[in-house]
Amino acid sequence: MKNKRSTRIFLACLLLTLTILACNQFVAEQKPPHDIATVPATDEASVTAMPEQPLEASAGSTGLGDSLYPDFGNGGYETTHYTLDMTINNISTSDLSAIVSIEANALQNLSSFNLDFVGFEINEITVNGESAEFERTESELTVYPSSAIAKDEAFTVIVQYAGSPEEMQSVALPVQTGWVTVDGGSFVMSEPDGSASFYPVNDHPLDKATYTFRVTVPVPLEVAANGVLTETINSGDTNTYIFEVRDPMASYLATINIDEFEIETSQSQTGVPIRDYYSSTLAEEYREPFARQPEMIDYFSEIFGPYPFEVYGSMLMDTEFGSALENQTLSIYGTDMIDLDNVEETELTVAHELSHQWFGDSVSVADWSDIWLNEGFATYSEGLWIEHTSGRESLDDWVKFIYSDVITYPEYYPAPGSPPADDLFNGGVYVRGGLLLHALRLEVGDENFFAILQTYFERYQGGNASTADFIAIAEEISAKDLSTFFDAWLFNEAIPSIPAMGLGVE
Ligand code: TRP
Ligand code: ZN
């Protein structure tokens, strides 16, 4: 592990050096003589003024360098705030008109920069109020500001567009990601690559930002989005909903959902307001598995650290899509995730999505190959909820049960530390990732284990963490060299044994 890590760092540095060299060369060779930024203005006033130094600017990169998805996101700038102003013109096709405003900071002198964006007709793009040229490929939008943007300069990009979102098949798992239009409404589930299907975005969890949603829908439809609903404006036959996300959010967690809803509110003892959205066509019994969310928030707050956002809630669409997703402050579920005959089992899914608010949403992956930091933690949180409600023996039974499944069907559970790009959410990152945490708990003891979780959350909340960051904290708190342990649990083809429980021992 130590060796592998330093090799990787060395390679990364080497790559970075080569890229910088290549970029400099590019600037030197390719600087077009007609570049507006480099040509001093010719009107009277500026001729007498000091000639401005031309800005050596270059294109921001078309990806953020993710090890699995190098094209995701873009380089050269970082976003701070998105305002999505959308009007839904036709609910059955999701035809919409949008004005998206992005506030960003330049990380280099930029002659152009990219956004990730798929579909729609773009009417206009401005940068700092000036109309900008742009170019598009399938998922990359390149913006050429009329004058170069200087490093460290704050700038505002406004993109005006219209049309219906295109259906997008994820590259990472066999589901439609992004904006999904259904009978009478629509919902959004984007992990990891669907956000570009409805707004122009720097689509990688490394570039978190705050958001404002301003969505107008025809009466009687309603909007459920992330964050706090601050205003509803009725204008006769339309309603406008304004939501504020004041904590940084990874782009894949942005969600706008449209339907007729029934809203149920509650509060955790620790004071977290909860608003759950249920499609109004759903029977009331669908609400039962969500009833213990306040208690779950309090329990997880106690063992992980205080709930990290202003509000929480779940949204149940009256559609089957075979999954649930932990959108920030508003997890979403298809009806087929709810087993009305087994509320306790369904509660595990509810606990899973809730725990992602700490692990995944507040502490986000630095690279998509770190996905076990989301799914392993959320899976083990199911076990922690079992322990909390039914005792340690029940947790042990659950551990034995899922361990035996890994042994019986190893092909479904690859090593969690190196997931393949086309099967990111495989059984290994969930179950072997969760079992890793239980094995770590047995290795370092309860006190160290929970101190590790709390320190990890405290240190990286609102930001990003890598597997190496987690290992460093585990070693720091336990004062143990855990390199052999993590190497085996993350990368061994076969799952390691848990001798203390007699699991995997011949
Ligand atoms: N993160 C989800 C979970 O809680 C799984 C997931 C990943 C997903 N991508 C998705 C669900 C896209 C729905 C759509 O396990
Ligand atoms: Zn999950």
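Helix α9 (residues 467-478) contains 12 residues and spans 17 Å from its first C-alpha to its last, close to the 16 Å expected at 1.5 Å a residue; the expected span is 1.5 Å times one less than the number of residues. The model is predicted: local features need pLDDT of at least 70 and side-chain atom pairs count only at pLDDT 80 or more, while totals for chains, interfaces and linings use all residues. Residues are numbered from 1 along each chain as its sequence is written, chains are lettered from A and ligands numbered from 1 in the order in which they are written, and side-chain values use heavy atoms, with hydrogens and water left out.

Helices (H or I, at least four residues) and strands (E, at least two) are DSSP runs numbered from the N terminus. On this basis the chain has 10 helices and 24 strands. Of its 506 residues, 55% count as buried, where buried means under 20% relative accessible area, exposed over 50% and partly exposed in between, with a 1.4 Å probe and protein chains only. Among contacts (heavy atoms within 4.5 Å) between residues at least 6 apart in sequence, 68% join residues at least 24 apart.

In α9, the buried residues include Thr467, Phe470, Ile471, Ile473, Ala474, Glu475 and Ser478. An α-helix has 3.6 residues a turn, so residues three or four places apart point the same way. The helix is followed by Ala479, which has a positive phi, near 55°.

Helices α7 (residues 427-444) and α8 (residues 446-460) have axes that come within 6 Å and cross at roughly 130°. This angle makes α7 oblique to α8; angles under 35 degrees count as roughly parallel, over 145 as roughly antiparallel, 65 to 115 as roughly perpendicular and the rest as oblique. Axes are lines fitted to C-alpha atoms, for helices over the stretch in contact, and angles run from 0 to 180 degrees between N-to-C directions. The crossing is right-handed, that is, the near helix is turned clockwise from the far one by less than a right angle. At the contact, Leu437, Leu440, Arg441 and Val444 of α7 meet Asp446, Asn448, Phe449, Phe450 and Ile452 of α8.

An open sheet of four strands with mixed pairing has the order β1-β4-β8-β7, two strands being paired if DSSP finds at least two bridges between them. Its edge strands are β1 (58-59) and β7, each of which pairs on one side only. Strand β8 (residues 140-144) is mostly covered, with four of its five residues buried. Strand β4 (residues 110-116) pairs with β8 in the antiparallel sense over four bridges. Asp116 has Glu140 of β8 as its bridge partner, and Leu115 stands opposite Leu141 of β8. Strand β7 (residues 133-136) also pairs with β8 in the antiparallel sense over four bridges, and Glu135 has Thr142 of β8 as its bridge partner. Three residues separate β7 and β8, which form a hairpin.

Asp95 lies in strand β3 (residues 95-106) and counts as partly exposed because its relative accessibility is 27%. Its C-alpha atom is separated by 7.4 Å from that of Ala162, 67 residues apart along the chain. Leaving aside neighbours within four places in sequence, Asp95 is in contact with Thr87, Ile88, Asn89, Asn90, Gly163 and Ser164.
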